[in-house]
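Please keep the sequence and the structure in view while reading.

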Amino acid sequence: LAEVKLHLRVYHTYEDSLITTILNGSIDLFEKHTRRILSVQTLTHKLDNLPKQIILPCGPVTGVTSVTVRTTTSTETISSANYLTFFGQSETKPQVYFKDNVTLPDPDGYPYSVTVTYTAATTTIPASINQAILLMCAHWYENRAQVGPTGGGEVPFAFEAIANKYIWGAYS
C-alpha cells in the first residue's frame, strides 16, 4: 500500500481502502493475464478424463497436493507414489506424469471428474512486474469512471507490454 501511494503521490489515509482494492484488482488482473501466480495460492485444475500426463495451467508450481478421481462409486485419491511431478520457478512445463504399470481409477465419464490440487507462487518478483502493477493501479486510480471514447482508453499499453513478457505456459 505504501509503495502504491508513493507512486500515486497520495499522502493521506482516507483513500487507503480504495487504493487497497485497486492494488488487489491490479494483482488479480496481472495473474489472470499471465497465468503467473505471484503470492502463495492453492489452485485446482479440473479435467474430464485422466490422461497419462497433466500439464498444469498456472505457475510457477511449488507442489502438487493431490490428484483425485470421481468414479461411479466413490472419489479416489491417487497415491503420490504413482506419479512424478515436474515443476519449478523457470519456464518448466509444470506437469503430473503417471508412472508406467500403475492401475489408475476410471473416471465416471462426467465433466470435471479429475481434480489436481496444487500450490503456486513466484519466489522472486522482478521489478518490472511491480512496475506493471503500479501502472495499472495508477490507471484505475485516475480513471474511476467507465472508460470509453471520451477518455481512459483500454488497459494501458505499458501494462500489457510488461505483462506479456511474463505469460506462464507459452510452451512450444
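## Basis of the description

Helices (H or I, at least four residues) and strands (E, at least two) are DSSP runs, numbered from the N terminus. The model is predicted, so local features need pLDDT of at least 70 and side-chain atom pairs count only at pLDDT 80 or more, whereas totals for chains, interfaces and linings use all residues. Residues are numbered from 1 along each chain as its sequence is written, and side-chain values use heavy atoms, with hydrogens and water left out.

The predictor's confidence in each residue is given by pLDDT, from 0 to 100. The chain averages 89, and 91% of the residues score at least 70. Among the elements of the chain, the highest mean, 97, belongs to strand 1 (residues 41-47), and the lowest, 82, to helix 4.

## The largest pocket

The largest pocket has a volume of about 160 Å³. Among its lining residues are Leu1, Val4, Leu23, Ile27, Asn130, Ile133 and Leu134. Helix 1, helix 2 and helix 3 (127-142) are the elements that give two or more residues to this lining. Helix 3 provides the largest share, three residues.

## Aromatic pairs

Rings of Phe, Tyr and Trp (its six-membered ring) pair if their centres lie within 6.5 Å; planes under 30 degrees apart count as stacked, over 60 as edge-to-face and the rest as tilted. The structure holds two such pairs. In one of them, the ring centres of Phe30 and Phe159 are 6.4 Å apart and the planes stand at 85°, so the pair is edge-to-face. Phe30 belongs to helix 2 (residues 16-34) and Phe159 to helix 4 (residues 157-163), so that the pair links distant parts of the chain, 129 residues apart. Both Phe30 and Phe159 are buried (under 20% relative accessible area, with exposed meaning over 50% and partly exposed in between; 1.4 Å probe, protein chains only).

The rings of Tyr83 and Phe98 are also edge-to-face, because their planes are at 75°, with the centres 6.0 Å apart. Tyr83 is in strand 5 (residues 83-86) and Phe98 in strand 6 (residues 95-98), so this pair ties together parts 15 residues apart in sequence. Tyr83 is buried at a relative accessible area of 6%, and Phe98 is buried at 0%.

## Buried helix residues

Lys5, in helix 1 (residues 2-8), counts as buried at 12% relative accessibility. Contact means heavy atoms within 4.5 Å. Leaving aside neighbours within four places in sequence, Lys5 is in contact with Val10, His12, Thr13, Asp16 and Ile19.

Ser26 lies in helix 2 and is buried, with a relative accessible area of 0%. With neighbours within four places in sequence again left aside, Ser26 is in contact with Ile133, Met136, Cys137 and Trp140.

## Backbone features in loops

The peptide bond from Gly59 to Pro60 is cis, with omega near -5°. Pro60 is in the loop between strand 2 (53-55) and strand 3 (61-70).

Asn101, a residue other than glycine, has a positive phi near 60°. Asn101 lies in the loop between strand 6 and strand 7 (114-120) and is exposed, with a relative accessible area of 83%. Tyr112 has a positive phi of about 60° although it is not a glycine, and Tyr112 lies in the loop between strand 6 and strand 7.

Terms used: 1 Å grid on protein atoms, 1.4 Å probe; cavity = no way out; pocket = protein on both sides within 12 Å on 5 of 7 lines; lining within 4 Å. Points joined across faces, edges and corners; volume = space filled by probe spheres on them.
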